Amino acid sequence: MAIALPSESTDPAPYRALTRNGNERAVEIIDQRALPHARVTIRLADAGAAAMAIRKMWVRGAPLIGAVGAYGLALALDADASDAALAKAHAVLDSTRPTAVNRRWALDRVRAVVSPLAEDARADAAWREADAIATEDVAINHAIGLHGLELLRDIARRKSGPVQVMTHCNAGALATCGWGTATAPVFLAHREGIPVHVWVSETRPRLQGANLTAWELGQRGVPHTLFVDGASGLLMRRGDVDVVFVGADRVARNGDVCNKIGTYDKALAAADNGVPFYAAVPSPTLDFALAAGDAIPIETREPGEVLGVTGRDDYGQTITVMLTPPGTHAVNYAFDVTPARLVTGLITERGIVRATTEGLAARFPERAA
Ligand code: MRU
């Protein structure tokens, strides 16, 4: 990426979900469908490929969807920088997936920058803005990491043994341009020698926890244990969990948190067992236009993702096997909403914020106005 970051906020990970080499007019992504069994890189050199990458979940995770969307608009303007082409590309990229608000935030930001410009200046400006969005994302996540790190240090001071963090889905570096959100405090704590252990929820149906979070923690040497989604309550009731850190796809003005399906269940179990429940929320994920979470559009995906499961067989082939009798009906909600009353706090780049209208407005007055 063209814009340099202060070294301490550079993610030391041996992988990047999204890369732009210098000023190349293309970006490279890790195809997250192939992880953890294969490391496949795909080059995105046109807007159609960028839209496909989001829709088909070659890339996923709210901040990364935003960044790839922004680069998608730059790619579109390289091909045709007219007003009509700009509007069409914005609409196509915006229609990829409905829930993560970072998509719309990033597309609107790039469009606002390029619209006033002459057509022949638009593409360069769009690439610069996309680079800025990607670079800012890394700095934002690092700041979230530092604020969340204070929570882990505090828990570590009060107990012996590793700090037990439960997470859900993948809100890691693979879902962003670096550090991740919910994972950033864990990665920073591990790096400074605080003993941490992560409970990784497998996250049916697409298994972002089993496939991606477990892979990232393994890449960084962080101790972790996988569990089936339904075991959250038991682990908390047994006292095996000190804190829950999850990501977010959209947070309403009142602090309601929308995240991967199953997050609400974890928040209920956490509340019932007195376990602190935090959502890591970069400010582009805040949606002050929505008063409460019930207004957030919840993506429903194809039933096949529920009826079957994909993995690697003994011959190294990635295959999908069916789990149910033929003709079984399935529903596949991809996200749910955790009411603000169940959220201990929102870990933002500006600090930990109460999940209330007043708390968010006080910390982000320019957005709440
Ligand atoms: O369907 P996905 O994999 O895009 O869902 C991702 C999540 O729910 C993440 O927790 C969220 O986007 C935050 S990523 C930092």
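In which loop is Pro36 found? Pro36 sits in the loop between S2 and S3, where helices (H or I, at least four residues) and strands (E, at least two) are DSSP runs numbered from the N terminus. The structure is a predicted model, in which local features need pLDDT of at least 70 and side-chain atom pairs count only at pLDDT 80 or more, while totals for chains, interfaces and linings use all residues. Residues are numbered from 1 along each chain as its sequence is written, and side-chain values use heavy atoms, with hydrogens and water left out.

Pro36 is joined to Leu35 by a cis peptide bond, with omega about 5°. A cis peptide bond also links Arg204 and Pro205, with omega about 0°; Pro205 lies in the loop between strand S5 (196-201) and helix H7 (208-220). Another backbone detail is found at Cys169, a residue other than glycine whose phi is positive, near 60°. Cys169 belongs to the loop between strand S4 (163-167) and helix H6 (184-191).

Strands of a sheet pair through backbone hydrogen bonds, either parallel or antiparallel. Here three strands make an open sheet in the order S1-S2-S3, with antiparallel pairing (two strands pair if DSSP finds at least two bridges between them). Strand S1 (18-19) and strand S3 (41-44) are the edge strands, each pairing on one side only. S1 and strand S2 (residues 27-30) are joined by two bridges, and Thr19 stands opposite Glu28 in S2.

Now to the ligand. Of the 18 residues around the ligand, Arg60, Arg97, Asp249, Asn259 and Lys260 come nearest (a residue is near a molecule if one of its heavy atoms lies within 4 Å of it). The shell residues divide into eight nonpolar, six polar and four charged; Ala, Val, Leu, Ile, Met, Phe, Trp, Tyr, Cys and Pro count as nonpolar, Asp, Glu, Lys and Arg as charged, and the others, Gly among them, as polar.

The protein covers 100% of the 420 Å² of accessible area that the ligand has on its own (Shrake-Rupley method, 1.4 Å probe). Helix H2 (62-79) and strand S9 (257-260) are the elements that give two or more residues to the shell around the ligand.
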